Amino acid sequence: MKTLYVGFRKFAQHPINPSEQILSLLKEKGKDTLLLDVVYHADGDALMKKANGYDAIIILALSPYAKEPVLERYAYNERDSVQADNKKVVKTKEAIEKDGPASRTTDLEVSSLSQSLIREGEEAAIGLDPGRFVANECYYRCLKEHPHTLLIHVPLDEDHPIKETLTVALLAESYIAGL
């Protein structure tokens, strides 16, 4: 199974993005990675261009509100955030895909994945709302053609150590490979 890990550069007031740090660790392990720049449209375009040929895609994105990794079940057809992207663009109430469905769901059983993580001594919450920022856009677009895609919202290192979140990402890949 060929997996692509996706992460993002720093943005807003955050001096680092733990997803970028996790990508560096994954790259050291020989994993395929793609670093995106928290920019509407362009990130989704770059991801869709790179995603062909992969069996699974794991998107890692910072959520400063998370206290543990969050496995997102859904992606929504909307760009809507008060947070500006790295080009200083703010989007409100804008569809990602005109006439697209309101939401898309990963075909991965996140409850089962969560139980698998618990058996391995790791924890991850199950999310139902990935927000409406750039990671959601990437997730929504990717799910259209790659149903074995998962968005994992990553907490700040002080809330959950990066190495533990790395382990969650690697265990998610193993889980997907076992399907």
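In what order do the 6 strands of the open sheet stand? The order is E2-E1-E3-E8-E4-E7, and the pairing is mixed. Helices (H or I, at least four residues) and strands (E, at least two) are DSSP runs, numbered from the N terminus, and two strands pair if DSSP finds at least two bridges between them. The model is a predicted one, in which local features need pLDDT of at least 70 and side-chain atom pairs count only at pLDDT 80 or more, whereas totals for chains, interfaces and linings use all residues. Residues are numbered from 1 along each chain as its sequence is written, and side-chain values use heavy atoms, with hydrogens and water left out.

Strand E2 (32-36) and strand E7 (125-127) form the edges of the sheet; each has a single partner strand, so one side of each lacks a neighbour in the sheet. From one strand to the next, the twist averages 25°; axes are lines fitted to C-alpha atoms, for helices over the stretch in contact, and angles run from 0 to 180 degrees between N-to-C directions. Strands of a sheet pair through backbone hydrogen bonds, either parallel or antiparallel. E1 pairs with E2 in the parallel sense over 5 bridges, and Gly-7 has Leu-35 as its bridge partner in E2. The pairing of E1 with E3 is also parallel, over 4 bridges, with Ala-56 of E3 as the bridge partner of Thr-3. E3 and E8 are parallel as well and share 6 bridges; here Ile-59 stands opposite Leu-151 in E8. By contrast, strand E4 (residues 70-72) and strand E8 (residues 149-154) run antiparallel and are joined by 3 bridges. The bridge partners in E8 are Ile-152 for Leu-71 and His-153 for Val-70.

With contact defined as heavy atoms within 4.5 Å, and not counting residues up to four places away in sequence, Leu-47 touches Leu-4, Val-6, Leu-34, Leu-36, Ile-57, Ile-59, Cys-138 and Cys-142.

Helix H3 (residues 110-119) lies across E4, E7 and E8, at about 160° to E4. Ser-112, in helix H3, is partly exposed at a relative accessible area of 32%. Ser-112 and Tyr-175 are 63 residues apart in sequence, yet 9.2 Å apart in space, C-alpha to C-alpha. Helix H4 (residues 134-145) lies across strand E1 (3-8), E2, strand E3 (56-62), E4 and E8, running at about 165° to E8. Glu-137, a residue of helix H4, is buried, with a relative accessible area of 1%. Not counting residues up to four places away in sequence, Glu-137 touches Tyr-40, His-41, Arg-79 and Ile-96.

The largest pocket holds about 470 Å³ of space. On a 1 Å grid over the protein atoms alone, a pocket is an open set of points where a 1.4 Å probe fits, with protein on both sides within 12 Å along at least five of seven lines; lining residues have an atom within 4 Å of a point. Grid points are joined across faces, edges and corners, and a volume is the space filled by probe spheres set on the points. Of the 25 lining residues of the largest pocket, Leu-62, Ser-63, Pro-64, Tyr-65 and Phe-133 lie nearest its centre. E3, E4 and H4 each supply at least two residues of this lining, and H4 gives the most, with 3 residues.

Positive phi values occur at Lys-88, near 70°, and at Asp-99, near 65°. Lys-88 lies in the loop between strand E5 (74-76) and strand E6 (103-105) and is exposed at 71% relative accessibility. Asp-99 lies in the loop between E5 and E6 and is exposed at 76% relative accessibility.

Conventions
Buried < 20%, exposed > 50% of the residue type's maximum accessible area, 1.4 Å probe, protein only.
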